[in-house]
Amino acid sequence: MTLTQPAPLTLTPIEARVLGTLMEKARTVPDSYPLSLNSLMLGCNQKSSRDPVLDLSEADVASALDNLMAQNLVRANTAGRVTRYEHNFQRGVGVPEQSAVLLGLLMLRGPQTAGELRLNTERWYKFADISSVEGFLEELQDRSEEKGGPLVLKLARAPGAREQRWAHLLCGPVDEAQFAQSGSTRTTDGTPGTLARIEQLEAEVAQLQAMVLKLCAELGVSVTAA
């Protein structure tokens with residue numbers, strides 16, 4: 001008896017955005033999860049933490065939900081007055097929690113380095129270090145054909161970049177040339193990973209300033225002199 005291999009999972013960009021948004025909200029706003037169709041649409045069209053920014057209609061989202069439910073990646077809860085939706089990604093795809101988190105962030109924010117992924121996943125899952133992130137990414141890249149094949153790809157180093165970025169393959173093969181051309185501007189174009197690092201640095205600077213002011217007050221030293 002010949003065993004058939006599972007077909008590679010191929011999503012449309014809209015389906016990936018819907019699925020990634022459900023995965024995000026399940027962890028970041030659990031009190032309002034599962035999501036109604038309207039809440040899901042608003043999450044898909046967020047201006048922050050999304051690359052690219054989309055403008056989807058309810059019809060777009062509803063169509064994507066139908067396709068995702070047919071693939072057992074989303075479930076509908078019709079118990080209340082309003083139908084609500086939740087993802088079934090981890091079980092549907094057959095990956096561990098950490099891998100699901102990384103794939104969710106890649107679907108929402110586009111290609112990222114291991115360092116960016118570790119920073120951006122903090123509200124979803126706290127990885128011990130960057131090497132842990134890289135380990136799960138490498139497992140996803142080396143996924144056997146018997147399980148459906150690789151789910152991520154390590155892109156070639158972009159001009160001027162210090163680290164290589166990773167991209168998901170849930171929407172099919174990626175155009176590495178396109179990502180290589182955009183990679184050199186990634187550090188200055190306000191992408192989510194860069195903005196997150198800036199916000200973290202600003203918070204750390206503010207904390208240090210407060211500590212300095214407190215020390216100056218305790219020592220009786222004027223701020224100007226300090």
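I looked up E86 and found it partly exposed, at 25% relative accessibility (buried is under 20% relative accessible area, exposed over 50%, partly exposed in between, with a 1.4 Å probe and protein chains only). The model is predicted, so I took local features only at pLDDT of at least 70 and side-chain atom pairs only at pLDDT 80 or more, while totals for chains, interfaces and linings use all residues. Residues are numbered from 1 along each chain as its sequence is written, and side-chain values use heavy atoms, without hydrogens and water.

I then checked salt bridges (a side-chain nitrogen of Lys or Arg within 4 Å of a carboxyl oxygen of Asp or Glu) and counted four. E86 meets R75 in one of them, at 3.9 Å from N to O. E86 lies in strand 3 and R75 in strand 2, so the pair ties together parts that are 11 residues apart in sequence (strands are DSSP runs of E, at least two residues; helices are runs of H or I, at least four; both are numbered from the N terminus). R75 is partly exposed, with a relative accessible area of 37%.

I next looked at E24, which is buried at 9%. E24, K25 and R50 are linked in a network of salt bridges. The closest N and O atoms of R50 and E24 are 2.6 Å apart, and those of E24 and K25 are 3.4 Å apart.
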